[in-house]
Amino acid sequence: MDFIKEWTLTICITLIISIIFSMITPKGNMGKFFKIILSTFIFLSFIYPLKNNDLDFSFPNFNIESFENQEQESYENLIETQINESLVSAGYNSCIIDAKVEYSNNEINIKKLKISVPDEYNTDDVKNYLFENLGLVAEVYRLGE
């Protein structure tokens, strides 16, 4: 109950002070500036007493599993993008990369790496390129297989 009394008293005093200042503020552009400052002052007077009270404003718990899934998808997308950039720089265009990773203990492990290449590329050449340049062992298929 003391909290509500203190809050009401603070708001009343703030409003009285704001009314006095609004009567002596200049007109025009400077008056608009002072009104913004007074509005901010009034707004803060509504919120400030909440800070001193023992109210709990903590965020609700979020689902850690969904966060980990999003994090894993981000790593998969990052790996797929980097592999695609490497393949394009080597002249292997229009490849589709599918990476499955596992993230645990601050380590990223590539569980499965599947790459589909157009018919004009030799799958063994792409597989050898990935192993020699990136150190990755991948399953390389032709598009549509």
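**Close-up 1. Lys114 and the ring of Tyr141 in the predicted model.** In this predicted model, the charged end of Lys114 is placed over the aromatic ring of Tyr141, at 5.2 Å from the ring centre.

**Close-up 2. The aromatic pair of Phe33 and Phe34.** A search of the whole structure gives three aromatic pairs. In the pair formed by Phe33 and Phe34, the ring centres lie 6.0 Å apart and the planes meet at 65 degrees, which is over the 60 degrees required, so the arrangement is edge-to-face. Phe33 is partly exposed, with a relative accessible area of 46%, and Phe34 also counts as partly exposed, at a relative accessibility of 32%.

**Close-up 3. The tyrosine cluster.** Tyr92, Tyr121 and Tyr129 are linked into a cluster by ring pairs.

**Close-up 4. Leu15 of helix 1 and Ser45.** Leu15 belongs to helix 1, which covers residues 2-24, and is partly exposed, with a relative accessible area of 36%. Although 30 residues separate Leu15 from Ser45 in sequence, their C-alpha atoms are 9.1 Å apart in space.

**Close-up 5. Confidence in helix 2 and helix 4.** The chain has a mean pLDDT of 82, with 84% of its residues reaching 70 or more. Within the chain, confidence is lowest in helix 2 (residues 29-52), where the mean is 79, whereas the highest value, 89, belongs to helix 4 (residues 123-134).

Key. Residues numbered from 1 in each chain as written. Predicted model: local features only at pLDDT ≥ 70, side-chain atom pairs only at ≥ 80, totals over all residues. Heavy atoms only, no water. Phe/Tyr/Trp six-rings, centres within 6.5 Å; stacked < 30°, edge-to-face > 60°. Buried < 20%, exposed > 50% of the residue type's maximum accessible area, 1.4 Å probe, protein only. Lys NZ or Arg CZ within 6 Å of the ring centre and 35° of its normal. pLDDT = per-residue confidence, 0-100. Helix = DSSP H or I, 4+ residues; strand = E, 2+ residues; numbered from the N terminus.
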